[in-house]
Structures are given as structure tokens and as C-alpha cells.
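Some labels given to residues and residue pairs deserve a check against the cut-offs behind them.

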Amino acid sequence: MSDQAPAAPPLPRVLDALGVGERDIASIVPLTGGTYNAVTRVTLADGRDWVVKTPPPHTAAARAGGPAIPRVVRSEADPAAPTGAYLVMTARPGRPWHEVSPTADDGDEPRLRTELGRIIGQLHGVTGAAASGFGYPAEPFGPLAPTWRSAFTAMTEAVLADAETYRARLPYPVGDIRTVLAGAAPVLDEVTRPALVHFDLWPGNLLVTGEPGARTIGGVIDGERMFWGDPVADFVSLALFGDIERDRDFLAGYAEARGGRVEFTDALRTRYALYRSYLYLIMLVETVPRAVGAEAADRTWELVAPHLVDALESIRNHLSAGAHPAAPRRGWQGGPSPDSRTPPGGCAGRR
């Protein structure tokens, strides 16, 4: 499968919507310097001169992931449009994974994990051109970054800034966390290809269909938190409070789709720990602006904080092994690490 999904250019559809036909156009010139969007200068016969920016087609993920990925039928991003903002997608069959609870006894769970590995492996084959950049491809996150290190640093800094603004409860001071994450940032330079990362693959976004013993993946949904980045980042929500290295069935399907197995080097494990830290930080910080209430915030703390501590300790160990400076260790108040794969209210998203 080609890494770059083919797509029909959207520019003619845009011009048609503006009432511009072929006879009205004096010239069309592609402009360079764009990142996520294609930029084109359109000069009309009556002298009007426009710059048209169009994003990559929404069907790229659907083509790569096969029928499990919904296709966008039509969308409108402008809330001031007559219809308001909206999104229409093809429906996918099934019920959320955690509601179906497939088991190893009927053979469903290992087969479904292998199938899921193939789907996600295919999804990770979608990439932008080398110059397209890394990060969230939407406002208000700004232009894509030229390197994964710069993109991920900006992503984590946004969450840490929110933590300071909202005075979120964290197991360590924000400054210490920032130092630990920054110390490990050089490992991010291993990532040079911006792959399409879903980043919200908790069981609630995985639809399962069929009868026991013959179940299949019906859909992988809620892709609005996708970004261009390191495919390893998706391993976090796929094993939210566990260890993806133990998921042999998923990794087997993933290796089949990607043409080779994942090598869990020390550097890859450190990148994995960085992405775990990022997601766990989001889950803790967002309880404040979302005003979830004291009881729900306490549940989230008890569930997530031990895993954030574990992820940060993994990064510290990498820094110690590499003789890099690390933030001082400090105690924290929290209970024992729970064993759960489903967060309350679902997996958190971007900041």
C-alpha cells in the first residue's frame, strides 16, 4: 500500500460553490510554503485575485483503515454558515468494545486484537508529504511544526500551561514535570515521518459487531483528535493503563500490516513513556476546566495519577541511564495503582 493516499483535488468543488466556472478563470497557480493545507492562487477574468486553502481529503484515513473507518460525507467547519458547523459521516455497525466484552474463551478477544492491529497498522501508513509537518492539523493549534520534537514539545507545553492556569492537582510540581519531559526530548528526533495518529483508541471508540465466536471490528470512530506524529503514540490509548508490549495479538496484526514487527528499543520505550505522560496529564488537568465535580475529580486522580508517576519514572530512568539531568524526585499523595483499561468518561483528547 502506498504511504500517500490518493485524493481528488477539492479546488474545483470550492470554485463551483463560489459560482466560478472555467470561463471565469484567468489562471490557477499552486503556491509553495503550505504545511497541512494546499494553497492555490486563483486569478479571475474580471480581475479578482484569490488565495484558496484546501485541506487534505477527509477520506485518507478511511481509505487506509478500510471499511472500519467512517467516511466523511459532507462537513461545514464555519459556525457562521447558514447551517452552522456540522459533520456527516457514514455510520459503522456494532457496539463499543467494553460493552460487548469479548473474551478469550470464545476466541473473540485474540482474533479482534489481531484484526485491530491490522487496521491501526494500515492507518499508520497514511502520511503527509515530507514538508507537511507534525502536530494537530486544525485551529486553534496553529501551523504544523517542521519536526516531531518541536510539535510534541508545544503539545505538552500547552497542557502544562493549562495546569498552571487552572492550578490542577498533579503528583509533582509543573516545573519538575516540564524538566523531565524536556530532558528526554532528544529521543523524539528518531521520528522523521508524520504518520496519522488517532490518539483516542480506548474501547469506547472501537465498535464490535457479530455474534459471539464470530465477532469482527465494525468501526474505529471519533477521529477528531488525530494528529500527524509518531505512530507509537497510539499505543497509549490501545493499552490505556496497561503495557502494549504484552498485547501479542495486537502486535502480530500490526506487524502484518506494517511489514515488520515493532522493535521495543530503550528509545522507543522512552517515547512511549512521554506519550503516556502527555495523555495522563490531559486527563488530570481537564477535570478543572470541565468542572467535573469533586467526586469525579477524586476518582480520576486515584485512577490516573499513579500511572503518570510510573510514566515519569520510566523517563527518569532513561535520563539516568543516559547521564542526562533529571528533576528531583518528590513524594506525592495518592493510592495504589489500579488495574483498569477503561477511564471514566472515555479517553481524554487534545488541549
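Predicted model: local features only at pLDDT ≥ 70, side-chain atom pairs only at ≥ 80, totals over all residues.

Q: What makes Asp200 and Arg225 a salt bridge?
A: A salt bridge requires a side-chain nitrogen of Lys or Arg within 4 Å of a carboxyl oxygen of Asp or Glu. The closest N and O atoms of Asp200 and Arg225 are 2.3 Å apart, so the pair meets the definition.

Q: Why is Asp200 called buried, and why is Arg225 called buried?
A: The label applies under 20% relative accessible area. Asp200 has a relative accessibility of 1% and therefore counts as buried, and Arg225, at 18%, counts as buried because its value also falls under the cut-off.

Q: Why is the pair of Asp200 and Arg225 said to tie together parts that are apart in sequence?
A: Asp200 lies in the loop between β7 (195-197) and β8 (206-209), whereas Arg225 lies in the loop between β9 (216-220) and β10 (227-229), so the parts that they join are 25 residues apart in sequence.

Q: How do you know that Glu164 and Arg178 form a salt bridge, and which helices hold them?
A: Their side chains meet at 3.5 Å, N to O, and because the limit is 4 Å, the contact qualifies as a salt bridge. Glu164 belongs to helix α5 (residues 148-166) and Arg178 to helix α6 (residues 174-183), 14 residues apart, so that the pair links distant parts of the chain.

Q: Why are Glu164 and Arg178 called partly exposed?
A: Partly exposed is the class between the buried limit of 20% and the exposed limit of 50%. Glu164 has a relative accessible area of 43% and Arg178 has a relative accessibility of 26%, so both values fall in that class.

Q: What makes Glu99 and Arg95 a salt bridge, and why is Glu99 called partly exposed?
A: The closest N and O atoms of Glu99 and Arg95 are 3.8 Å apart, and the pair counts because the cut-off is 4 Å. Glu99 has a relative accessible area of 44% and is therefore partly exposed, as is Arg95 at 45%.

Q: Which residues of helix α8 (residues 248-258) are buried, and what do they pack against?
A: The buried residues of α8 are Phe250, Leu251, Gly253, Tyr254 and Ala255, and these pack against α4 (108-123) and α7 (234-238). Just after α8, Gly259 takes a positive phi of about 80°.

Note on methods. Residues numbered from 1 in each chain as written. Heavy atoms only, no water. Buried < 20%, exposed > 50% of the residue type's maximum accessible area, 1.4 Å probe, protein only. Helix = DSSP H or I, 4+ residues; strand = E, 2+ residues; numbered from the N terminus. Contact = heavy atoms within 4.5 Å.
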